[in-house]
Amino acid sequence: MSSVLAAGTAAPDFTLRVTPDQNLTLSNLRGRPVILAFYPADWSPVCGDQVTLYNEILPEFHKHKAELLGISVDGAWCHAAFARDRRLHFPLLADFEPKGDVARKYGAYRAQEGVCERALFVLDRQGIIAWSYCSPIAVNPGADGILDALEKLTDQDTGHGNLENAHHDK
């Protein structure tokens, strides 16, 4: 298992293909939380379950004004077919060429297999990693960790986290 970037680290910026003819740049999403879900491959069984779950609970992510981005080393055409087949309502980004370049920057690349780790990152509005997790590759990490991290960000934004923080200082 690789060591993914830890909370408190500035998220490396990137531009990746979101469709065969469109790019998405991470820094353009500043001002809102971003969930990065790295996964090994579009058509593998666990990945299908994971993205289907995230698609189903997308409204929960949106309550926190969070943007969800799926990332794997598959190409944009493969992503387009997979997203259409699974009826996904969030973008899949192609970390295709140079292969795994963005995953490497996040410590989420498995060089031996040439795929991404099953790694999750929640970025705050300033583009700082608020939470990260790397799941065993054969295990669907679910969404609880993501939702907990988004709750904490929302609490910080509304000032509800202050009492808890003040308590830890003593």
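Author: Helices and strands are DSSP runs numbered from the N terminus, a helix being H or I over at least four residues and a strand being E over at least two. The model is predicted, so local features need pLDDT of at least 70 and side-chain atom pairs count only at pLDDT 80 or more, while totals for chains, interfaces and linings use all residues. Residues are numbered from 1 along each chain as its sequence is written, and side-chain values use heavy atoms, with hydrogens and water left out.

A pocket is found on a 1 Å grid over the protein atoms alone, as an open set of points where a 1.4 Å probe fits, with protein on both sides within 12 Å along at least five of seven lines, and its lining residues have an atom within 4 Å of a point. The volume of the second largest pocket is about 230 Å³, a volume being the space filled by probe spheres set on the grid points, which are joined across faces, edges and corners. Its lining consists of 16 residues, and those nearest the centre are Leu-16, Arg-17, Ala-94, Phe-96 and Glu-97. Strand 1 (15–19), helix 3 (76–86) and helix 4 (101–105) each contribute at least two lining residues, and strand 1 has the largest share, with three. Sorted by class, the lining holds nine nonpolar, three polar and four charged residues, where Ala, Val, Leu, Ile, Met, Phe, Trp, Tyr, Cys and Pro count as nonpolar, Asp, Glu, Lys and Arg as charged, and the others, Gly among them, as polar.

Turning to the aromatic pairs, the whole structure contains seven; rings of Phe, Tyr and Trp (its six-membered ring) pair if their centres lie within 6.5 Å, and planes under 30 degrees apart count as stacked, over 60 as edge-to-face and the rest as tilted. The pair of Phe-38 and Tyr-106 is tilted, because the ring centres are 5.5 Å apart and the planes stand at 45 degrees. This pair links distant parts of the chain, with Phe-38 in strand 3 (residues 34–38) and Tyr-106 in the loop between helix 4 and strand 6 (109–110), 68 residues apart. Phe-38 is buried at 0% relative accessible area, and Tyr-106 also counts as buried at 0%, where buried means under 20%, exposed over 50% and partly exposed in between (1.4 Å probe, protein chains only). Phe-38 also pairs with Phe-121, and because their centres are 5.7 Å apart with planes at 80 degrees, this pair is edge-to-face. Here too distant parts of the chain are linked, since Phe-121 belongs to strand 8 (residues 118–123), 83 residues from Phe-38. Phe-121 is likewise buried, at 0%, and ring pairs join Phe-14, Phe-38, Tyr-106 and Phe-121 into a cluster.

Finally, there are seven salt bridges, each a side-chain nitrogen of Lys or Arg within 4 Å of a carboxyl oxygen of Asp or Glu. One of them joins Glu-60 and Lys-63 (3.0 Å, N to O), which both lie in helix 2 (residues 58–63), three residues apart, about one turn of the helix. Another joins Asp-85 and Arg-86 (3.5 Å, N to O), with Asp-85 partly exposed at 44% and Arg-86 partly exposed at 30%. Arg-110 bridges to Glu-113, their closest N and O atoms lying 3.0 Å apart, and Arg-110, Glu-113 and Glu-117 are linked in a network of salt bridges.
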